[in-house]
Amino acid sequence: MARILIVEDEARIASFVAKGLRADGHTTTVATTGEDGLDHALSGDFDLMVLDVGLPGIDGFEVLDRLRNQASRLPVIILTARDSVADTVTALEGGADDYMPKPFRFAELLARVRLRLRTAGSAAQAADDALKAAGVHLDLRTRRASMGNREVDLSAREFALAEIFMLNAGQVLSREQLLDQVWGFDFDPGSNVVDVYVGYLRKKFGAETIVTVRGMGYRFAT
Ligand code: CA
């Protein structure tokens with residue numbers, strides 16, 4: 001159970017999100033302006049924030065910016081219009097943890113919320129919010145990957161997959177687990193999207209970093 005702050009001025013969306021999160025066992029608080037959202041976010045009373053971009057007063061990006069300037073590490077999932085995804089990717093660099101293009105199905109948002117809560121829990125234990133395995137270094141704060149001195153360019157999805165793998169380095173993860181945790185919605189179980197993305201990561205990190213465990217799934221090397 002987590003305490004989730006929802007900053008969204010559209011009552012219909014706020015109540016849809018709040019209702020779903022409460023059904024998943026979380027407590028929710030809704031703020032409808034950027035200023036109010038920021039005050040709540042800085043209170044230290046929340047475990048995660050779902051933040052709309054288009055808000056009266058200061059917008060979501062500004063809220064995020066001010067929040068990070070106050071050194072808050074509160075996990076933030078940005079809700080954004082599909083045509084502003086480019087801006088949102090910039091926001092990710094500015095300290096958002098994830099984003100959800102509108103319109104979305106609740107299951108998609110819930111998967112991201114769960115992933116962020118889990119990552120926040122694990123990251124809190126990891127020194128300086130980084131994951132290291134098999135020579136790969138993931139900085140969870142800046143969302144950057146590197147090997148030695150070489151920066152490795154990853155898409156948001158590749159990063160999310162690498163993150164799950166490295167949180168569970170040395171353990172076998174099934175395709176279903178990876179689909180559920182990284183894509184988070186009802187993909188056709190016959191979909192080969194996991195295999196395709198494992199292929200992308202192998203190209204970037206080296207084939208030996210991800211081991212195929214026949215009949216079971218994949219294991220990230222330690
Ligand atoms: Ca709005």
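Q: Which residues does Asp139 touch, not counting residues up to four places away in sequence?
A: In this predicted model, Asp139 is found in strand S7, which covers residues 136-139. Leaving aside residues up to four places away in sequence, the contacts of Asp139 are Asp129, Arg144 and Phe159.

Q: Is Asp139 buried or exposed?
A: The relative accessible area of Asp139 is 15%. Because buried means under 20% relative accessible area, Asp139 counts as buried.

Q: Which elements hold Lys102 and Asp52, and how many residues apart in sequence are the parts that the pair ties together?
A: The side chains of Lys102 and Asp52 meet in a salt bridge, with 3.0 Å from N to O. Lys102 belongs to strand S5 (residues 98-102) and Asp52 to strand S3 (residues 48-52), so the pair ties together parts whose separation in sequence is 50 residues.

Q: Are Lys102 and Asp52 buried or exposed?
A: The two residues are partners in a salt bridge between their side chains. As for their accessibility, both Lys102 and Asp52 are buried.

Q: What is the N to O distance in the salt bridge of Asp24 and Arg114, and where do the two residues lie?
A: Asp24 sits in the loop between helix H1 (11-23) and strand S2 (27-31), whereas Arg114 is part of helix H5 (residues 106-125), so that the pair links distant parts of the chain, 90 residues apart. Asp24 is partly exposed at a relative accessible area of 26%, and Arg114 is likewise partly exposed, at 42%. Their side chains meet in a salt bridge with an N to O distance of 2.7 Å.

Q: By about how many helical turns are Arg66 and Glu62 separated?
A: Arg66 forms a salt bridge with Glu62, in which the closest N and O atoms are 2.9 Å apart. Arg66 is partly exposed at 34% relative accessibility, and Glu62 is partly exposed with a relative accessible area of 31%. Because the two residues are four residues apart in helix H3 (residues 60-69), the separation of Arg66 and Glu62 is about one helical turn.

Q: How many salt bridges does the structure hold?
A: Among the salt bridges are the pair of Lys102 and Asp52 and the pair of Arg66 and Glu62. The total for the structure is 15.

Q: What distance separates the centres of domain 1 and domain 2?
A: The domain assignment of the protein gives domain 1 as 3-123 and domain 2 as 126-220. Taken over C-alpha atoms, the distance between the two centres is 24 Å.

Notes. Residues numbered from 1 in each chain as written. Predicted model: local features only at pLDDT ≥ 70, side-chain atom pairs only at ≥ 80, totals over all residues. Heavy atoms only, no water. Domains from an automatic or database assignment. Buried < 20%, exposed > 50% of the residue type's maximum accessible area, 1.4 Å probe, protein only. Contact = heavy atoms within 4.5 Å. Salt bridge = Lys/Arg side-chain N within 4 Å of Asp/Glu carboxyl O.
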